Number of protein chains: 2
Amino acid sequence: MHSPKRMLFLDFVLSVFRLNGLLISEGDAMAEKLGLTSARWKVIGAIALSGRGLTVPGIARALGQSRQAVQRITDVMVSDNLLFYQVNPRHKRSVIVTLTDAGTEVYNMLREVQDPWALGTTEDIPIEELESGLRLVRRLIQKFDK
Amino acid sequence: MHSPKRMLFLDFVLSVFRLNGLLISEGDAMAEKLGLTSARWKVIGAIALSGRGLTVPGIARALGQSRQAVQRITDVMVSDNLLFYQVNPRHKRSVIVTLTDAGTEVYNMLREVQDPWALGTTEDIPIEELESGLRLVRRLIQKFDK
DNA sequence: CCAGCAATGACAACATGCTGACATTATTAG
DNA sequence: CTAATAATGTCAGCATGTTGTCATTGCTGG
């Protein structure tokens, strides 16, 4: 009934909600100096990590979000000259979202803030704990993401 | 530079974002049959766990959210007869949010769905992994929540 | 006591996410 | 090849969260 595992898991779930909110705050604080928000560096990050460029639905799939939500963000970022829409030879309508030079520069500046933050945050946490935590989170993601 | 720990942590952060979205979807799916949303069972849960009743800012503090966000949810839930505002003898304006009988019933029905879900989700995950994952998440929360 | 500070409710503006619906373009099955 | 299906862009509506502001209430240090 009140099995320890059940209580433990619900505690874990609520803690993930809480951590999620705090991480977004942290991200917003870091991105603020660069005129970004956490939603925007998610998009920049997804494109940068892809190497090439991604379509809007491609970014959405990478981030696990709806394509409509991503579209709204990319439209604004194109207005802000961080991204541009490149003609897609493989699809007449679905353009490829690419980083402009300004976007690449912002991404690099972001990393100069983000990297020390990541290292500072984890300096007193053994790498094994991080690995095992990531494994758990991934496992749960896989379980829910069908 | 590209230290393994840094990459690991960023991976962890992005995975937490992803898991957060999936958990909200799971919560919405479970709560839907009861006419709730995940935002609302967070509020119901916070009140139920408190035993007595909580003020709106009290719920917000428990959930780590802004009091305005909670106020909006509780206002709707009072309209839906799940909650009611009880006069607070200790504060002329800040009422105490309490579960109605209907609200209590919904909370109990929710648990009948949620408990099997929690057990099913974790059936193939050792309790030690859950404990260590929770410890990590808590540690990060404490680090960011000042 | 009371003057200043903190907490609260109320309202507004905004950012971010979701879903639904529709038309258009791609892909696939037959 | 063609018809059905899937993917995409676009627009709309809505839920949930944030911050800011202001008036009111409560608390606290002199």
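Of the atoms of DNA strand C that come within 4 Å of the protein, 64% belong to sugar or phosphate, and the rest belong to bases. The model is predicted: local features need pLDDT of at least 70, side-chain atom pairs count only at pLDDT 80 or more, and totals for chains, interfaces and linings use all residues. Residues are numbered from 1 along each chain as its sequence is written, chains are lettered from A and ligands numbered from 1 in the order in which they are written, and side-chain values use heavy atoms, with hydrogens and water left out.

**DNA strand C**

- There are 23 residues around DNA strand C, and A:Thr37, A:Ser66, A:Lys92, A:Arg93 and B:Arg67 come nearest; a residue is near a strand if one of its heavy atoms lies within 4 Å of it.
- A base oxygen of DNA strand C lies 3.1 Å from a polar side-chain atom of A:Gln68; a polar contact is a pair of N or O atoms within 3.5 Å, and within protein one must be able to donate a hydrogen and the other to accept it, while residues adjacent in sequence count only if both atoms are side-chain atoms.
- In B:Arg61, an N or O atom of the side chain is 2.9 Å from a phosphate oxygen of DNA strand C.
- For B:Arg93, a polar side-chain atom lies 3.4 Å from a sugar or linking oxygen of DNA strand C.
- Two or more residues of the surface near DNA strand C come from each of H2 and H4 of chain A and from helix H3 (56–63) and H4 of chain B; helices (H or I, at least four residues) and strands (E, at least two) are DSSP runs, numbered from the N terminus.
- H4(A) gives the largest share of this surface, five residues.
- The surface near DNA strand C has six nonpolar, eight polar and nine charged residues; Ala, Val, Leu, Ile, Met, Phe, Trp, Tyr, Cys and Pro count as nonpolar, Asp, Glu, Lys and Arg as charged, and the others, Gly among them, as polar.

**DNA strand D**

- DNA strand D is surrounded by 23 residues, and the closest are A:Arg67, B:Thr37, B:Ser66, B:Arg72 and B:Lys92.
- Sugar and phosphate make up 61% of the atoms of DNA strand D that come within 4 Å of the protein.
- An N or O atom in the side chain of A:Arg67 is 2.4 Å from a base nitrogen of DNA strand D.
- A sugar or linking oxygen of DNA strand D lies 2.9 Å from a polar side-chain atom of A:Ser94.
- The side chain of B:Lys42 has an N or O atom 3.3 Å from a phosphate oxygen of DNA strand D.
- H3 and H4 of chain A, with helix H2 (38–50) and helix H4 (67–79) of chain B, are the elements that give two or more residues to the surface near DNA strand D.
- The largest share of that surface, four residues, comes from H4(B).
- By class, the surface near DNA strand D has six nonpolar, nine polar and eight charged residues.

**Helix H3 of chain A**

- Helix H3 (residues 56–63) of chain A has the buried residues A:Val56, A:Gly58, A:Ile59, A:Ala60 and A:Leu63; buried means under 20% relative accessible area, exposed over 50%, and partly exposed in between (1.4 Å probe, protein chains only).
- These buried residues pack against helix H2 (38–50), strand E1 (54–55), helix H4 (67–79) and strand E3 (96–99) of chain A, and also against helix H1 (4–32) of chain B; contact means heavy atoms within 4.5 Å.
- After H3(A) comes A:Gly64, which has a positive phi near 70°.

**Sheets**

- In chain A, three strands form an open sheet in the order E1-E3-E2, with antiparallel pairing; two strands pair if DSSP finds at least two bridges between them.
- E1 and strand E2 (83–86) of chain A stand at the edges with a single partner strand each, so one side of each has no neighbour in the sheet.
- E2(A) and E3(A) pair over four bridges in the antiparallel sense, and A:Leu83 stands opposite A:Leu99 in E3(A).
- In chain B, two bridges join strand E1 (residues 54–55) to E3(B), and the two run antiparallel.
- On strand E3 (residues 96–99) of chain B, B:Ile96 and B:Thr98 on one side and B:Val97 and B:Leu99 on the other are all buried.

**Relation of the chains**
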